[in-house]
Amino acid sequence: MTATPTPRVTIKDVAARAGVSKGAVSLAFNHKPGLSEATRDRIFRAARELGWAPSPTARTLAGSRVDVVGLAVCRPARLLGLEPFYMEFISGVESVLVERSCSLLLRLVRGPEEEIGLLESWWRGRQIGGSILVDFGTDDPRPAVAERLGVPVVAVGHPTLTGGLTSVWTDDATAVTEAVRYLTALGHRRIARVGGAASLGHTAIRTAAFDEAVAPAARACQVATDFSGEAGARATRSLLSAAVRERPTAIVYDNDIMAVAGLSVAAEMGLKVPEDVSLLAWDDSQLCRLTRPMLSAMSHDVHGFGAEVARTLFGVITGEGVESHPVATPVLVPRGSTAPPR
């Protein structure tokens, strides 16, 4: 007996499931204005439930742009694979792209000039519909290039760094201030920070906020690194090798992987955490809960951050008038790696 073939799901079926017209489905999947966000979400949900996706050929014939979002990251491939922040951030971006049947074009670059050339190539070759720009430096050249090309972009960074581009950011200054106030409230008076690359704008913001927060009640020492575990370990070893009266009793790290490395160095040097030195991580990935003691951290929803950046980019692409805005500020999560000093 011959099996009856399963009927092919069509755009008409999706429209019926979502309670909209076929034209509305087309607007949603081609990222055109004219629909509310709630209606778009209903259409995407109906398409997922029915297992339907628009034909790439039909999209091309309709003249729509390639449904790809670009993201270039200036990190060595090895470090990117180890850094929890970018893995969580990218997964958040992807969670939104998949709802819209879009893809992420991820490239690793060696610097801003290489990224600028890549962005020009992507846009002029119609390989992307928009791009996410990250890791802004002071006097960053990319905003001017994006404006000149007319490419829809969202900048991940504080508006003081992003040259008027639509931006999404975390309030690093407030988070750093909260971290320092917590440690000084515990009684720490010698506080160090193992920061990221000095050339990055958000590193400069954290550095200035740290100096300002520590000044009234404590002595500060800050070390710039490349975010790697190796650099975090070297910085921690140097800080903890100082004479006892000069050695920091608390260290704040700019990411989780450096904090985990710092915990290992403390054990290597015969120091107990938190009795001899308190350690405070940043981002609060799963790594912070796998160590012993578990690491206190400035916690924020990195996956949600990436998703909000992607949603904002689609708003820019469709001309919906989205504005620059912050996401939730990182909050302190105390665990076993912080305590009053001896």
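The model is predicted; local features need pLDDT of at least 70, side-chain atom pairs count only at pLDDT 80 or more, and totals for chains, interfaces and linings use all residues. Residues are numbered from 1 along each chain as its sequence is written, and side-chain values use heavy atoms, with hydrogens and water left out.

**Stop 1: the main core**

Begin by selecting F89, I132, V134, F305 and V309, the residues with the most contacts inside the largest nonpolar core, which has 26 residues. At least two residues of this core come from each of β1 (68–73), α6, β4 (153–156) and α14 (302–317). Helices (H or I, at least four residues) and strands (E, at least two) are DSSP runs, numbered from the N terminus. A nonpolar core is a set of buried Ala, Val, Leu, Ile, Met, Phe, Trp, Tyr and Cys residues joined through side-chain atoms within 4.5 Å. Buried means under 20% relative accessible area, exposed over 50%, and partly exposed in between (1.4 Å probe, protein chains only).

Centre the view on V309 next: beyond residues up to four places away in sequence, V309 touches F89, I132, V154, V156 and V168. Contact here means heavy atoms within 4.5 Å. A second, separate core of 20 residues can then be located through V194, I257, V273 and L295, which are among its members.

**Stop 2: the aromatic cluster**

Select F85, Y86, F89 and F305, which ring pairs link into a cluster. Rings of Phe, Tyr and Trp (its six-membered ring) pair if their centres lie within 6.5 Å; planes under 30 degrees apart count as stacked, over 60 as edge-to-face and the rest as tilted. The whole structure contains four aromatic pairs. One of these joins F85 and Y86 edge-to-face, at 5.2 Å centre to centre and 85 degrees between the planes. F85 is buried at a relative accessible area of 19%, and Y86 is buried at 3%.

The rings of F89 and F305 are also edge-to-face, because their planes stand at 75 degrees, with centres 5.6 Å apart. Since F89 belongs to helix α6 and F305 to helix α14, this pair ties together parts that are 216 residues apart in sequence. F89 is buried at 0% relative accessibility, and F305 is buried at 5%.

**Stop 3: along helix α6**

Remain on helix α6 (residues 84–99) and select S95. Its relative accessibility of 25% makes S95 partly exposed. Apart from neighbours within four places in sequence, S95 is in contact with H303 and A307.

**Stop 4: helix α7**

Select residues 112–124, the 13 residues of helix α7. Which residues of α7 are buried? They are E115, I116, L118, L119, E120, W122 and W123. These buried residues pack against β1, β2 (103–108), β3 (130–133) and α8 (142–149). Just after α7, R126 takes a positive phi of about 55 degrees.

**Stop 5: charges over rings**

Select R142 with F136: R142 lies over the face of F136, at 4.4 Å from the ring centre. Then select R206 with W282, where the charged end of R206 sits over the ring at 4.2 Å from its centre. A charge sits over a ring if NZ of Lys or CZ of Arg is within 6 Å of the ring centre and within 35 degrees of the ring normal.

**Stop 6: S299**

Finish at S299 in strand β10 (residues 296–299). S299 is buried, with a relative accessible area of 16%.

Notes: The expected span of a helix is 1.5 Å times one less than its number of residues.
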